[in-house]
Amino acid sequence: MKSRALKCLVLASTLALFNCGDAENALNDIAAAQQQGDLNNPELGQEGQEGQGVVGGQEGQGVVGGQEGQGDIGGQDIIGSSSAAVPESSGDILNQSSSAVVPESSGDINPASSTSVGPQSSVTVGPRSSSSQVMPKSSSSEAVASSSSEEVKPAGIFLAEGKEEEKDQMQIVYTEDIEPCIWDNDKKRNLCKILAYPKQLSETQKHAVVVWGPGGGSDPKDYRAIISRLASHGFVVVAIPESPGNANEGIEALNWLDKKNKDPNDPLYNKLDMNTVGASGHSMGGLESEQLVIKDKRVLTAFLNNSGDWNGAGANKVATDRSIAILYGEGGMERGNAENDYNNAGVKAPACLIQMTGGRGNECYEVSPGRKECGYGHGSGSWDGMAATVAWMRWHLGGEDFRKADFVGSTGKYIDGNIIGKQGKWKGQCKNF
């Protein structure tokens, strides 16, 4: 009451026409105006800019995921990354024994946001303000939102946010000797052998598919490293038991996956884009993948490792709306086939020929009785060179068009760059792009 009376006395001398209540209202209006002026003062900055939190950022992150077979769920291996740099989002890889990165403030993520972000989504968090939204981020997607009140609409194929193809990026489910996709009564065997996919499947985007074919006389289990690497980057990978080189087994494997994609009781239900498929493999598996891209409309691209058509007449049958890459070692027995297949004048599809050079100091070594290879040999692509397959699939299936510069032109990672983590260099050439 004393304060109210004092205000009236002060204003009485200058606001004679105001009654006591009017004078107080005028004083409150002046104070509000001053406060608004302070809020607009540029020296104070904008609310939420300082100290913004980052969820799953690079600072202070540890290695998440561990050696193979860390966990066992329903008899399936959950594979982490033993050497991988942690992706930008801690949501991509979660190890039960690891601690999560905690945002600095609950204001970093608005729980009332209309944007739905599943645990498998890669997210970045913007400045802490009332209009900030959690934006699902995939290197192949474009988030569409014209205003802060609109729902974010991610599109495209899901890819792990970590882009380094030389490293694993996400935990995966890896299963060997899977249930039959089709039983071969003549040979008494299953035509599907290994299935691998990210442990955290996307809720908002589809996963592309890769069919892997082993070399002649090789078990697909020999290729666990590259199968796991592809799956850790967001692909669903199915490996066939052997590669006859006629696409038959690969086609049956894709048909089996298509059924799983339509089965409401299957973990892969409605998760796959069966029209965004890549084929890859080693040696005879490379020939299988080449035939798949020729014969199956679902297959958009093929990546042959240490392979090539015997008569140099495979790549010339690939349609111009598909693509093909052939990788070979400088001393591999497949060298002539790879070069002849690519150099065939009838090749009209976008194609690349990639050589691995400088392996083992260009030393010659015996790979089997009576046969020697020098430098990178027949076994190079699927092991020391697996990064090229991953980069190619991220480009042609995941839509990372920036990777074109790595393969096409006169300079680029797979044109004249170092083989990261290994010795030697890539030597590549492309045409029809």
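**Working through the model**

Reader: Where does Asn 432 lie?
Author: Asn 432 is in the segment after β17 (425-431). Helices (H or I, at least four residues) and strands (E, at least two) are DSSP runs, numbered from the N terminus.

Reader: What should I know about the source?
Author: This is a predicted model, where local features need pLDDT of at least 70 and side-chain atom pairs count only at pLDDT 80 or more, while totals for chains, interfaces and linings use all residues. Residues are numbered from 1 along each chain as its sequence is written, and side-chain values use heavy atoms, with hydrogens and water left out.

Reader: Back to Asn 432. What is its phi?
Author: Asn 432 has a positive phi of about 70°, although it is not a glycine. Most residues other than glycine have a negative phi.

Reader: Is Asn 432 buried, exposed or in between?
Author: Asn 432 is partly exposed, at a relative accessible area of 38%. Buried means under 20% relative accessible area, exposed means over 50%, and partly exposed is in between (1.4 Å probe, protein chains only).

Reader: Which other residue has a positive phi although it is not a glycine?
Author: Ala 247 does, with a phi of about 75°. Ala 247 sits in the loop between β10 (236-239) and α4. Its relative accessible area is 0%, so Ala 247 is buried.

Reader: New topic. How many helices and strands are there in the protein?
Author: The secondary structure comes to nine helices and 17 strands. The protein has 433 residues, and 49% of them are buried.

Reader: What share of the contacts comes from residues 24 or more positions apart?
Author: Such residues account for 65% of the contacts with a separation of 6 or more. Contact means heavy atoms within 4.5 Å.

Reader: How do α3 and α7 pack?
Author: Helix α3 (residues 224-232) and helix α7 (residues 386-396) pack at an angle of about 30°, and their axes are 10 Å apart. That makes α3 roughly parallel to α7. Angles under 35 degrees count as roughly parallel, over 145 as roughly antiparallel, 65 to 115 as roughly perpendicular and the rest as oblique. Axes are lines fitted to C-alpha atoms, for helices over the stretch in contact, and angles run from 0 to 180 degrees between N-to-C directions.

Reader: Which residues make that contact?
Author: From α3 they are Ala 225, Ile 226, Arg 229 and Leu 230, and from α7 they are Met 386, Thr 389, Val 390 and Met 393. By class, the contact of α3 with α7 has six nonpolar residues, one polar and one charged. Ala, Val, Leu, Ile, Met, Phe, Trp, Tyr, Cys and Pro count as nonpolar, Asp, Glu, Lys and Arg as charged, and the others, Gly among them, as polar.

Reader: How many of the residues of α7 are buried?
Author: In α7, 11 of its 11 residues are buried, and the helix is mostly covered. Trp 392, Arg 394 and His 396 are among them.

Reader: On to α5. How long is it?
Author: Helix α5 (residues 284-295) has 12 residues, which should span 16 Å at 1.5 Å a residue; its end C-alpha atoms are 16 Å apart, which agrees. The expected span of a helix is 1.5 Å times one less than its number of residues.

Reader: And why call α5 largely enclosed?
Author: Because 10 of the 12 residues of α5 are buried, the rest of the structure largely encloses it. The buried residues include Glu 288, Glu 290 and Leu 292. They pack against β9 (207-213), α4 (248-261), β11 (272-282), β12 (299-305), β13 (323-329) and α6 (335-343).

Reader: What about the length of α4?
Author: α4 has 14 residues and reaches 20 Å from its first C-alpha to its last, close to the 20 Å expected at 1.5 Å a residue.

Reader: Glu 249: buried or exposed?
Author: Glu 249 lies in helix α4 and counts as buried, at 6% relative accessibility. Glu 249 and Leu 292 are 43 residues apart in sequence, and 9.5 Å apart in space, C-alpha to C-alpha.

Reader: Last one. Where is Tyr 269, and what is it in contact with?
Author: Tyr 269 is in the loop between α4 and β11, and it is partly exposed, with a relative accessible area of 39%. Leaving aside neighbours within four places in sequence, Tyr 269 is in contact with Lys 260, Asn 261, Lys 262, Asp 263 and Pro 264.
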